[in-house]
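Look at the chain below before reading on. The paragraphs after it lead through its parts one at a time.

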Amino acid sequence: MLINKLSKYPKVGGDCGGNRIGLGKYIFKCPKCGYETQPEASNFTCPRCGSLMEAILVEIPKDIKLRYRRRLGVWSYSSLLPEPKHRITLNEGGTPLIRISRGLFGKFEGLNPTGSFKDRGMAVGVSLAKAIGVSNVVVASTGNTAASVSAYGARAGLRAIVLLPSGKVARGKLVQSIIHGASIMGVEGYFDDALMEAMGMFKAGKAYSLNSINAWRLEGQKSIAYEIYEDIKVPDNVIVPVGNAGNIYAIWKGFWELMQIGLIDKIPRMIGVQAEGASPLYETWRRGSSELIEVKEPKTVASAIRIGKPVNWLKALKAVNNSNGVMVTVNDEEIMIARSKLARRGVFVEPASASTYAAYVKLIKSGVISNGELTVLVLTGHGLKDPDSVK
C-alpha cells in the first residue's frame, strides 16, 4: 500500500467526523476490486488491493439547477463537493472557454490564481487539511502543484513542503514557490523519485499529502466539467494532457455526475495526450495491459507531464475506456509548433497545454475526430510558467 493510516489525523467517516468536515455525503470505492468503505480525509488507498480509492457521492442530488451565466467558480458547486466548515479560496475557477477555430475551444486554466488547473483541487484539498488540523502539507511536483500548494498553504497559514526533481522544474513555477514561502527540497532524479520521498513524509505523519493521490483534490478539479457544461453543454471530445493522470479522470467524473443528475444524456469522449518520451499511460492503453507500463526516465520539453509512473493511471483508463475515448502521443516538435499556433491566436500556454492542440491536429488528420465535432482542449497552464522554453 502507498499510504498507512496516520494516527495523528482524525479518522473521517460515518458520524465520527465525516459530517463535521463535510465528507458525510461520500463513500470510497476501489476502481480495481470494488471494495467500498466510509471516506477518510487522510487515507486514500484500498485496504484490500492497495489501489487509489474513488470518492463517490452516495446520492447525487437530482434537483440541482446550475446558474447559467453567473460568475463561475469551484465553490459555487459546493453541493457536489466536500463541505468543510471553512473554505480556503483565492477565487479559483471560472476560467474562460476561448474559441480557437470552428468547433474548437480552449478551456484556459492558465487564468487561475497561480496559473494552472491545480488551484481547483488545491482549494478543496487545503480546506480539508485545515479542517482536520494539520500544520504541514507536502507535495512532489513538476512545478504547477508546488506553486499552487505554496499559495494556498500560505493563504491557510500552513507550512507547504515541496519536493522538486532537481534541475527539471521550469523557472516560472519555482519562483512562485519561493515567493509564497514554501519549504523547497530538491530531489535527484525525476518526479516519480520526488513523489516517493513525499509519500515517505506522509506515511511517517510529518505532513499531509496534497498530491493527486488525494481524492479530495480531484473533487475540486471535476468542476472543469461543470463549467464546460455551463458554457457549451456537452462537447463531443475533451482533450486533456496526462501527467500523473488525475485530471482526465476528474473531468470525466464531473460529466458522469451531470448525467446522473439528469442534466445531460451523454459524456464526451475523453482523449488523453502524452509526450512520446513520457507515455506510460498511452503504452498501457495501447497494449491493453492490466498493469502500468512504466517509463523509467521520462523525457519531454513539456515538463508538466514529464512523469513515468502516474499514480492515477487506473482511474484515467476508466475515464478513457468508459467514454469510448483514446490515448494519443505527440512529439516535442509537434508540441512546440502547436504552442506557437495557439500564441498566434492570442493564447499563451506552457508546452504541456499545447500538447492538446498538437493531439487535435493529429486526430483530425487521422479521422479520429471530424471537423464537424465540437472539441474542447483543456489548456492546463499559462505560458509564463515556463518562459525559458520560448526560443
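Residues are numbered from 1 along each chain as its sequence is written, and side-chain values use heavy atoms, with hydrogens and water left out.

The pLDDT is the predictor's confidence in each residue, from 0 to 100. Its average over the chain is 92, and 94% of the residues score at least 70. Over residues 1-18, however, the pLDDT is below 50, although this stretch has 49 contacts in the model beyond near neighbours in sequence (a contact means heavy atoms within 4.5 Å). Where pLDDT is low, the predicted coordinates should not be read in detail.

Helices (H or I, at least four residues) and strands (E, at least two) are DSSP runs, numbered from the N terminus. Two strands pair if DSSP finds at least two bridges between them. Three strands make an open antiparallel sheet in the order S2-S1-S3. S2 and S3 are at the edges with a single partner strand each, so one side of each has no neighbour in the sheet.

Strand S1 (residues 26-29) pairs with S3 over four bridges and with S2 over two bridges. Lys 29 has a bridge partner on either strand: Glu 54 in S3 and Glu 36 in S2. Phe 28 stands opposite Ala 55 in S3. Tyr 26 and Phe 28 form the covered face of S1, whereas Ile 27 and Lys 29 form the uncovered one. The hairpin of S1 and S2 has six residues between the strands, and Gly 34 there takes a positive phi near 85°.

The loop between strand S2 (36-37) and strand S3 (54-57) holds Asn 43. Is Asn 43 buried or exposed? Asn 43 counts as buried because its relative accessibility is 7%; buried means under 20% relative accessible area, exposed over 50%, and partly exposed in between (1.4 Å probe, protein chains only).

Further along is helix H4 (residues 191-203), which has 13 residues. Its buried residues include Phe 191, Leu 195 and Phe 202. After H4 comes Gly 205, with a positive phi near 80°.

Conventions
The expected span of a helix is 1.5 Å times one less than its number of residues.
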